[in-house]
Amino acid sequence: DDERCAGQWVTPWTGTEYYVAAVMLAEGLVDEGFAVARDVYERHVAMGMLYNQIECGEHYFRPMAAWAMLPALQGLVYDRTAGALTIAPKTDADAFDSVFILPGAWGRVRHRRDDGTRRFTLELKAGALALQSLVLPLWKDVRQTRVTVDGTHVDTTAQPVDGALRIALGGCLSLTPDATLEACAE
C-alpha cells in the first residue's frame with residue numbers, strides 16, 4: 001500500500017495548477033489560463049471546500065499562487081532597481097482598469113484609448129513608489145507623450161524598445177499616497 005505511505009502523487013497540487021494558469025495568462029493564453037483556474041475553482045466548490053484547497057494537508061499555503069494570476073493578466077512587471085514599471089494588459093487593453101499591488105505600494109492603474117487618444121493613469125493609494133520609466137507595449141507606435149504628476153508637467157523622453165515604448169521620466173519620481181501619474185499620447 002504505497003498510497004498510505006506517500007500519497008502526495010495522488011493529490012492534486014492546486015498551487016501548481018494556479019501557477020500554470022498564471023504562466024498561461026502571462027504568455028497571452030488567456031482563455032486557456034482561465035480554463036485551468038476555473039477547473040480548480042469548480043472542483044473545490046463541488047467538494048464543498050472553497051476555502052480549504054487540500055494540498056499536502058488542509059489549509060496548505062501553495063494555492064495562494066492564485067495571486068500570481070493578477071499581475072500576469074495585467075502584464076505588470078516592476079524592476080525596482082531600475083525603477084521601471086511595465087504594464088501590458090492581456091485583456092480589454094483599450095479599457096483597462098485594475099488594482100496593482102507591488103511590494104510596499106498599491107493603487108489603481110488604468111489605460112484608455114478613445115478617438116485616437118491614449119491615456120495611462122496610475123493612482124497610488126498607499127505606500128511609496130519610485131519610478132524612472134514606464135514601459136508600455138500598447139504604445140509601441142507612439143513617439144510623443146505628455147506626462148504629469150498631480151497635474152504638474154514631467155520632462156520625459158520616449159523611445160521604442162523591444163516592441164514597446166519606454167518613457168524615461170527625467171530622473172526618479174517618488175510617488176506618495178494620493179499621487180496620480182498620467183501619461184497621454186495622440
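Guide: Let us begin with arginine 118, which is buried, with a relative accessible area of 6%; buried means under 20% relative accessible area, exposed over 50%, and partly exposed in between, with a 1.4 Å probe and protein chains only. This is a predicted model, in which local features need pLDDT of at least 70 and side-chain atom pairs count only at pLDDT 80 or more, whereas totals for chains, interfaces and linings use all residues. Residues are numbered from 1 along each chain as its sequence is written, and side-chain values use heavy atoms, with hydrogens and water left out.

Visitor: Which residue forms a salt bridge with arginine 118?

Guide: A salt bridge is a side-chain nitrogen of Lys or Arg within 4 Å of a carboxyl oxygen of Asp or Glu. Arginine 118 forms one with aspartate 141, and the closest N and O atoms are 2.9 Å apart. The pair links distant parts of the chain, since arginine 118 is in strand β5 and aspartate 141 is in the loop between β6 and β7, 23 residues apart; helices (H or I, at least four residues) and strands (E, at least two) are DSSP runs, numbered from the N terminus. Aspartate 141, for its part, is exposed, with a relative accessible area of 51%.

Visitor: How many salt bridges does a search of the whole structure find, and which residues do shared partners join into one network?

Guide: The search finds eight salt bridges, and those that share partners join Glu17, Asp39 and Arg43 into one network. Arginine 43 is partly exposed at 24% relative accessible area, and aspartate 39 is partly exposed at 43%.

Visitor: How should I read the sheets, and in what order do the strands run in the open sheet of six strands?

Guide: Strands of a sheet pair through backbone hydrogen bonds, either parallel or antiparallel. Two strands are taken as paired if DSSP finds at least two bridges between them. The six-stranded open sheet has the order β3-β4-β5-β11-β7-β8, with antiparallel pairing, and its edge strands are β3 (95-102) and β8 (152-154), each of which pairs on one side only. Within this sheet, β4 and β5 run antiparallel and are joined by ten bridges, with valine 109 standing opposite leucine 122 in β5.

Visitor: What is the pairing in the open sheet formed by five strands?

Guide: The pairing there is mixed, and the order is β1-β2-β6-β10-β9. At its edges stand β1 (77-79) and β9 (157-161), each with a single partner strand, so one side of each is left without a neighbour in the sheet. Strand β6 (residues 129-136) and strand β10 (residues 164-175) pair in the antiparallel sense over seven bridges, and valine 135 stands opposite arginine 166 in β10.

Visitor: What should I make of the backbone angle phi, and where is aspartate 115 found?

Guide: Most residues other than glycine have a negative phi, and most peptide bonds are trans. Aspartate 115 has a positive phi of about 50° although it is not a glycine; it is found in the loop between β4 and β5 and is exposed, with a relative accessible area of 85%. Aspartate 162 likewise has a positive phi, near 50°, and its place is in the loop between β9 and β10, where at 80% relative accessibility it counts as exposed.
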